[in-house]
Amino acid sequence: MKQLNKQKTQNYIFAYSILIPIMALFTIIRFYPIISTFITSFYKKSMIRPGQTFIGLENYIYVLKDPEFLKAFGNTAFIAFFSVVLSVIFGLFLAVKVNGKSIKGMSIFQTLLFLPVIVSMVPATLMWQLLFDFNVGAINYILKAMSLKPVNWINDIRIVRWPIIIISVWKEMGYNMMIFYVGLKAINKELYESADMDGANGWQKFRYITVPQLKPVTLFVSVISIIKFVKVFTQAIVLTSGSQSAGNILKTAVYYIYQQGFALHSMGRASAASIILLVIVLVLTWLQMMISKEKD
Amino acid sequence: MKKFFLVLLVAMTAFFAFANGGNEAATTAPKAERSNSPVTLTLWNSSQTMVDFYEAIFPEFQKLYPEVEKLDILYMPIADFVKKLAVVLPAGDVPDIMEIEDSWATQYVTAGYFDPNTDELNAIVDQMQPAFKGCLTYNGQMWGVPSAPFNEIMFYNLDMMAEAGIDHLPETYEELIEDAIKMTKKNADGSIDVSGFSMRLGGNPSGTTQKFWVLGLLANGVDIYEESKTQPGKYHCGFDNEGGFNALKLYIDMLYKYQVDDSASLKDTAAFSAGKTAINMREPSSSVSIQKNGPDINWTTGPMPKGPAAHQTFLITLNLYIPRDGQNKFYAREFVKFATSRENFEKQVRERGGMSPYVDCGLTGGVEVDPRMVGAYTIPEGMTLKSVPVQNAYDQVQIRIGEMLPEIFADKSLAGNDEAIWAKLHEMAKVVNDAYKEYDEYAE
């Protein structure tokens with residue numbers, strides 16, 4: 001018994017000696033910034049001036065009343081909604097196609113579809129910026145060739161959110177496709193065989209077997225996509241910045257945080273906006289999980 | 001076990017909370033007098049032209065102070081430099097001298113990161129044009145010495161002017177608009193192919209505001225701010241008035257009535273270098289980019305034309321500042337005196353182009369370097385120079401206005417709708433006043 005206890009203690013010591021450095025690192029790079037951001041959100045604190053003053057909820061009140069934040073939040077919601085919906089739909093569609101009958105060279109096709117995921121967002125957006133350019137962009141060139149009017153994709157405030165959605169969906173659908181693809185592989189083939197015997201057509205099999213079986217995967221993909229798209233920043237700033245564009249015309253929530261913190265040097269307001277965004281993401285994720293549970 | 005991790009988390013948080021406080025004691029005492037040991041002087045800036053100039057004059061400085069062995073200059077592009085300032089100045093990890101554009105430096109001056117000028121440095125500034133004092137003075141003291149001033153000018157494509165039958169540079173806004181209309185070329189779909197005047201409609205918010213300031217506000221006799229008549233040192237919005245209305249209306253009219261530019265056309269120096277705009281309003285330094293990217297463009301420069309209410313342009317200058325936490329303050333001050341002396345400014349203008357801030361200094365040297373830069377180095381009689389003020393709120397004011405302007409310019413419904421223009425103007429004025437209130441710098 002004593003021997004067993006000694007062994008158990010040694011196991012614990014070993015396990016914790018392995019875990020403690022990782023936990024410490026996790027605390028430093030994850031928990032500490034979150035706690036620090038939360039605390040800072042209650043202070044008037046400038047990035048470039050020493051000292052800070054406790055001001056309670058003033059930063060939150062300022063941010064929630066600031067028309068710039070509401071505008072940025074509206075843009076983020078619009079972009080996130082369409083990007084999530086479209087990237088999930090396209091991801092699922094591609095996964096189903098890729099999972100279909102084996103075609104020669106399918107692995108190359110899969111690689112090509114996944115490629116945007118591993119390309120860095122900045123060069124990818126710069127490439128799209130060229131494609132969307134009003135004067136020399138390929139997209140307007142095609143539109144003109146089809147006798148359609150060229151579109152001012154980047155500098156028209158009513159349109160500029162769509163190129164961001166297109167870039168986001170293009171970048172993300174390959175990842176979603178891979179997750180759905182794995183999910184599809186895990187579906188019991190006997191279900192399809194039974195459906196075949198019952199005379200079900202392709203759509204019925206998809207509707208009544210594939211979609212329900214992929215529910216947990218769809219939930220995972222949706223939650224991950226929401227978290228990613230609510231943080232939309234790089235594509236918006238790269239596509240619309242610079243004096244060549246009507247820059248900063250497209251403000252997103254993360255852009256607002258960046259602007260408050262690093263341009264206006266108000267770390268308190270930037271922190272308050274960050275916490276608000278964090279709460280929104282948590283609520284959306286929780287809602288999605290609740291809705292999914294309800295349906296089950 | 002949960003308790004263990006909770007204790008660990010609290011310990012880590014406490015460690016990092018206290019770890020922040022230790023950097024102040026790390027600095028050593030600065031050298032205020034001449035040193036017996038060898039000295040390396042450090043200078044950071046964002047202008048390659050000035051790096052070359054400082055390296056060229058350093059041997060002469062060494063003759064005066066042989067113990068200064070080396071001038072170590074760290075050049076950074078402006079975007080990187082601005083980001084670095086926000087980190088290094090509060091941390092105290094600074095060089096002996098910093099050369100910063102006035103508009104970027106004001107917030108650090110008011111935050112106390114630089115030493116105020118000594119009497120000797122003030123004596124140098126006293127010999128310069130009075131407009132410079134505006135961008136150096138805060139609370140009755142001056143910070144920094146101008147080292148490379150420049151003003152906003154116009155770049156003209158001479159071939160386009162000839163093609164449109166225009167034989168002289170516009171001297172008034174009426175002529176400017178008339179010429180811009182003549183030189184605008186449109187595509188079959190109505191969009192702009194070649195803009196008559198390249199308008200700054202967005203981009204970096206501070207830059208957008210600066211262009212609106214010079215093209216719109218200054219020409220209409222008003223400014224972004226106005227000092228309170230009853231409480232000196234306090235400010236309020238300076239353009240919530242007829243002049244401000246005319247400034248905003250000018251932009252809206254140029255876009256939608258005269259249609260000399262639109263949001264889709266190529267903009268700024270890139271457009272000028274590509275032959276896609278006839279007139280561009282810019283700082284003189286953009287000539288380098290034009291020569292590189294548009295070597296075939298036949299161009300010249302001119303001063304800002306006379307506005308409807310005033311003849312003004314803005315004066316921007318790189319200033320040499322001595323950081324509060326710098327080490328070799330004696331040599332830093334001596335180098336600033338040396339580099340900004342009348343003799344060295346004349347040398348700078350003669351050999352590299354540029355403009356001398358000294359009151360009675362001949363400005364023709366720069367024109368001899370490149371005759372096309374005549375607009376940059378000659379200030380027409382009657383034209384006044386405006387500089388950015390040193391105020392706590394000014395940076396925020398510029399950014400907030402610059403964030404509003406792109407949407408206002410994009411709003412076609414403002415064309416011909418004076419009431420709507422006034423409403424936008426009041427909105428902007430509220431933002432300006434709120435910024436001053438936030439920094440306790442507001443008064444009617």
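This is a predicted model: local features need pLDDT of at least 70, side-chain atom pairs count only at pLDDT 80 or more; totals for chains, interfaces and linings use all residues.
Modeller: Residues are numbered from 1 along each chain as its sequence is written, chains are lettered from A and ligands numbered from 1 in written order, and side-chain values use heavy atoms, without hydrogens and water.

Biologist: How many residues of chain A and chain B take part in the contact?

Modeller: Chain A gives 40 residues and chain B gives 45. Contact means heavy atoms within 4.5 Å.

Biologist: What area do chain A and chain B bury between them?

Modeller: About 3,600 Å², with 57% of it on carbon and sulfur atoms. Buried area is the accessible area (1.4 Å probe) that two parts lose on being put together, summed over both.

Biologist: Why is the meeting of Glu438(B) and Arg269(A) called a salt bridge?

Modeller: The rule asks for a side-chain nitrogen of Lys or Arg within 4 Å of a carboxyl oxygen of Asp or Glu. Here the N to O distance is 3.1 Å, so the pair counts as a salt bridge. Across the interface of chain A and chain B the rule finds four salt bridges.

Biologist: What makes β7 and β13 of chain B a pair?

Modeller: Two strands (DSSP E runs of at least two residues) pair if DSSP finds at least two bridges between them. Strand β7(B) and β13(B) have four bridges, in the antiparallel sense, so they pair. Phe155(B) stands opposite Thr301(B) in β13(B).
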